[in-house]
Amino acid sequence: MLAALLYGKENLRLEKVPDPTPKKGEVVIQVGAATTCGTDLKVWRRGGHAKMLKPPTLFGHEAAGQIVAIGEGVTGWQIGDRVVANNSAPCMNCFFCQHQEFSLCPNLTWNNGTFAEYLRIPAPIVKHNLLPIPEDLPYELAAMTEPLACVLHGAARSNVKPGDRVVVLGDGAIGLMFVAKLAHDLAAEVLLFGGNDDRLEIGQKLGAAQTFNYRQLPDIPTVVKEFTDGWGADVVIEATGLPSVWETAIACARPGATVNLFGGCPRDTTITVNTEQLHYSELTLKGVFHNTPEFVRAALSLIASRRIPFELLISEQRPLQDLEAVFCDMRSRKVIKVAMIP
């Protein structure tokens, strides 16, 4: 089969590799659509990921398709079933899993390789995070289950209440998903900051009350205070993965606020925090990572409900042969998410 392999920094190659065959407890799906992700872009640019993968490796982690092969011992699934598989599954046995903190499981089973014609699903994912998708749900929408599950996890950890004024920093797919979730389901007043007018327009369609192009602003925290009676935001979501923006997020927060430092920064980077502000303003700073089986199911349900037009995040469909060009387009911010069709 044709598959994408990551060899290092911006070193992505399409190669012919053996078709996968399922081992005990596994299934193989024919990929109907694999969506690109900001995490994929970061991994491509940085040449790896501390937790998810180490080059050389099959690449990509968002996909939906249909089952074409079933391994020994698998029950409840049939050839031809339309499914989406999360890119991980917790072990369910460790200290963190026993405390329902599944995203912190040190034994997470990871799965990469969605930018290919076929994808093998490991047994723990088949058991805990393989879900059927409705017949009328396009594969490219179902493929967004994984990133939306991460967003739902992040939203649940952010202490957002109806009417809260929430600042979202970042107009990538994750930031825009946060806008949709917070505005539609949590009745928050969302202020979205980004650097691309087309994306900010999509943010408005997804429910943002105000949008701001940071390139036209002298100072983001000052603007936030102007729109929040001089105090700052009740909740701030950082969705860029840049240390400087983590610091900006903290500066946008009112006393008593929650700051969700959601975007993963490059390895071994640090930030500076004003201890006086952190202490006397009683700020809550949270790092939120990945998702859990509960939110994987909730994400697919939300996508399938079609209450929110997540299709706005799919810039285009492209064949697998265009993958490297697509990543170049993502790097230059010409597209948000692209559905790769093997």
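Mentor: Gly-71 is buried, with a relative accessible area of 8%, where buried means under 20%, exposed over 50% and partly exposed in between, for a 1.4 Å probe and protein chains only. This is a predicted model, in which local features need pLDDT of at least 70 and side-chain atom pairs count only at pLDDT 80 or more, while totals for chains, interfaces and linings use all residues. Residues are numbered from 1 along each chain as its sequence is written, and side-chain values use heavy atoms, with hydrogens and water left out.

Trainee: Leaving aside its neighbours within four places in sequence, which residues is Gly-71 in contact with?

Mentor: Gly-71 sits in the loop between β5 (63-70) and β6 (82-85), helices (H or I, at least four residues) and strands (E, at least two) being DSSP runs numbered from the N terminus. Contact means heavy atoms within 4.5 Å. Once the neighbours within four places in sequence are set aside, the contacts of Gly-71 are Pro-22, Lys-23, Gly-25 and Glu-26.

Trainee: Which strands stand at the edges of the open sheet of six strands?

Mentor: The order of this open sheet is β13-β12-β11-β14-β15-β16, with parallel pairing, and two strands pair if DSSP finds at least two bridges between them. A strand with a single partner has one side left without a neighbour in the sheet, so the edges are β13 (210-213) and β16 (284-287).

Trainee: In the open sheet of three strands, which residue of β4 is the bridge partner of Leu-6?

Mentor: That sheet has the order β2-β1-β4 with antiparallel pairing, and its edge strands, β2 (11-16) and β4 (57-58), each pair on one side only. Strand β1 (residues 2-8) pairs with β4 over two bridges. In β4, the partner of Leu-6 is Thr-57.

Trainee: How do α5 and α11 lie relative to each other, roughly parallel or roughly perpendicular?

Mentor: The axes of α5 (residues 145-156) and α11 (residues 293-305) come within 8 Å and cross at roughly 110 degrees; axes are lines fitted to C-alpha atoms, for helices over the stretch in contact, and angles run from 0 to 180 degrees between N-to-C directions. Angles under 35 degrees count as roughly parallel, over 145 as roughly antiparallel, 65 to 115 as roughly perpendicular and the rest as oblique. The two helices, α5 and α11, are therefore roughly perpendicular.

Trainee: How many nonpolar residues are in the contact of α1 with α12?

Mentor: Helix α1 (residues 38-46) and helix α12 (residues 323-331) pack at about 100 degrees, with their axes 10 Å apart. Among the residues that meet are Leu-41 and Trp-44 in α1 and Phe-327 and Met-330 in α12. Ala, Val, Leu, Ile, Met, Phe, Trp, Tyr, Cys and Pro count as nonpolar, Asp, Glu, Lys and Arg as charged, and the others, Gly among them, as polar. By these classes the contact of α1 with α12 has one polar residue and three charged residues, and the nonpolar ones number five.
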